[in-house]
Amino acid sequence: MREALRHGRVRELFVTDAAAARHPDLLGPAPVRITDRAAASLSDTVTPQGIFAVCDLLDVPLDRALDGAPRLVAVCVAVADPGNAGTVVRVADAAGADAVVFAGDAVDPHNGKAVRASTGSVFHLPLVRERDTTVAIDACRAAGLTTLVADANGELDLHDPAVAPLLAGPVAWIFGGEAHGVPATVAERADHRVRVPIHGRAESLNLATAAAVCLYESVGARALRSAQDD
């Protein structure tokens, strides 16, 4: 809520008396007072906080999000779980990514659970909804980004030193859905497929964890190259 108010995207604000007393610093001009019963009907959580905002939609066109020589972009292909989707947005924001693209049959990033999982990061960087995955990947490549698919069977190992120069450049990381990963047709269209090595006995990493590892590996490679150039 603080981030929504801070970035000026709130159209209307609804608040219970108890919430108003707890958070006087969050109240903008003339909030609408509502009862606890109304708050319960508005919320999809068990214990609503009592503050609700009507905000502008956050998504922007693909070409606008990729304008201006982006360096790091996350592309979520057919990601269905809103909690994972919101967490990827949060991780991308923390890693300094330029945008997050939701491609194909992906969850709406405006989903309440996705917004909560992002902990406000949905207000910090451009979000894109592009139904055509091919269009999304081709647009990333046209923007100068190397397209990398996070794939458990990828031909490149994320931690191979030889991969570092690739990661240090402008990159669009492509992450797939929770159950089946990135579709084969999408993986084939990307420039490379990169695997996150599993050193223990875990079967795999979940989507949000893999995204965090990959995005931060790019950040680290870029920082190392910058230090070497200096």
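At 1.5 Å a residue, the 13 residues of helix H5 (residues 82-94) should span 18 Å, and the end C-alpha atoms of H5 are 18 Å apart, which agrees. The expected span is 1.5 Å times one less than the number of residues; helices (H or I, at least four residues) and strands (E, at least two) are DSSP runs, numbered from the N terminus. This is a predicted model, in which local features need pLDDT of at least 70, side-chain atom pairs count only at pLDDT 80 or more, and totals for chains, interfaces and linings use all residues. Residues are numbered from 1 along each chain as its sequence is written, and side-chain values use heavy atoms, without hydrogens and water.

Helix H5
- Buried residues (under 20% relative accessible area, 1.4 Å probe, protein chains only) of H5 include Pro82, Gly83, Val88 and Val91.
- Their cover includes strand S4 (72-77), strand S5 (99-103) and helix H10 (207-229).
- After H5 comes Gly96, with a positive phi near 80°.

Aromatic pair
- The ring centres of Trp173 and Phe175 lie 6.2 Å apart with planes at 10°, so the pair is stacked (centres within 6.5 Å, planes under 30 degrees apart).
- Trp173 counts as buried because its relative accessibility is 0%.

How values were computed: Buried means under 20% relative accessible area, exposed over 50%, partly exposed in between (1.4 Å probe, protein chains only). Contact means heavy atoms within 4.5 Å. Rings of Phe, Tyr and Trp (its six-membered ring) pair if their centres lie within 6.5 Å; planes under 30 degrees apart count as stacked, over 60 as edge-to-face and the rest as tilted.
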